[in-house]
Amino acid sequence: MKRSEINQIIEEGIQFFDEQNYKLPPFAFWTMEDWQQKGPEYDEIKDNQMGWDITDVGSGDYEKEGLFLFTVRNGNLEDERYDKDYAEKIMIVKENQVTPHHFHWNKMEDIINRGGGNLMIQLYNATADEALADTPVTVYSDGRTYQVPAGTTVRLTPGESITLKPYQYHSFWGEDGQGQVLVGEVSKTNDDATDNRFLKTVGRFPEIEENEPVKYLLVGDYKKFLK
């Protein structure tokens with residue numbers, strides 16, 4: 001992805017957050033100069049990969065296959081200084097913009113439609129060798145528990161949510177014709193480096209062409225640009 005594309009995506013995302021009356025924490029808006037002036041009291045942000053996360057999952061076509069995320073809070077499975085056992089993200093999913101099938105070995109998460117259009121989520125169980133199973137999937141959604149056939153797509157309208165357990169494959173996108181979706185995630189501690197099992201090989205963090213100055217640091221930029 002080009003840095004100019006990432007900068008524009010974040011600017012458009014901030015506008016959508018404002019339209020939905022969702023407020024980001026102050027560090028979301030720090031410039032490079034702001035970051036360079038911050039001391040070790042802010043290490044939690046960098047160490048726990050909090051902040052902006054824009055990815056095309058290696059597709060080369062963000063609009064077709066990609067995801068916009070901001071990690072608001074997170075713990076750390078490897079560092080006892082950060083003993084939070086939970087995480088929170090806010091995401092933007094565009095119409096027909098697919099996040100490919102994946103599951104988490106350890107993380108349980110609630111995916112919540114916070115506003116905008118409808119979120120479509122396709123569900124499968126994983127087999128013992130981590131392929132797609134043909135067994136019925138148990139759905140946990142806003143106090144209701146029920147089963148659906150493998151590959152069923154569940155629609156979440158604004159305000160609705162679903163709980164996704166480990167080894168439960170899921171893919172999601174914004175429903176066609178309904179507008180982009182503000183999506184919340186509340187989960188156990190998040191570790192994108194070790195706890196994502198994608199059905200097909202993807203690039204979780206993008207290779208970036210630096211064609212213009214960085215406006216907002218991504219979580220993948222911290223080690224590159226900050227001491």
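A: Let's start with the largest cavity, which has a volume of about 190 Å³. Some terms: on a 1 Å grid over the protein atoms alone, a cavity is a set of points where a 1.4 Å probe fits but cannot get out, and lining residues have an atom within 4 Å of a point. Grid points are joined across faces, edges and corners, and the volume is the space filled by probe spheres set on them.

Keep in mind that this is a predicted model, where local features need pLDDT of at least 70, side-chain atom pairs count only at pLDDT 80 or more, and totals for chains, interfaces and linings use all residues. Residues are numbered from 1 along each chain as its sequence is written, and side-chain values use heavy atoms, with hydrogens and water left out.

So who's around the largest cavity? Its lining has 20 residues, with L67, L69, T99, H102 and R204 lying nearest the centre. Strand 2 (67–73), strand 3 (87–93), strand 4 (99–103), strand 5 (109–116) and strand 11 (168–174) each give two or more residues to that lining; strands here are DSSP runs of E, at least two residues, numbered from the N terminus. By class, the lining splits into seven nonpolar, seven polar and six charged residues. Ala, Val, Leu, Ile, Met, Phe, Trp, Tyr, Cys and Pro count as nonpolar, Asp, Glu, Lys and Arg as charged, and the others, Gly among them, as polar.

The second largest cavity has a volume of about 40 Å³. Among the residues lining it are F27, W30, W35 and Y222, and its lining divides into nine nonpolar, one polar and no charged.

Conventions. 1 Å grid on protein atoms, 1.4 Å probe; cavity = no way out; pocket = protein on both sides within 12 Å on 5 of 7 lines; lining within 4 Å. Helix = DSSP H or I, 4+ residues; strand = E, 2+ residues; numbered from the N terminus.
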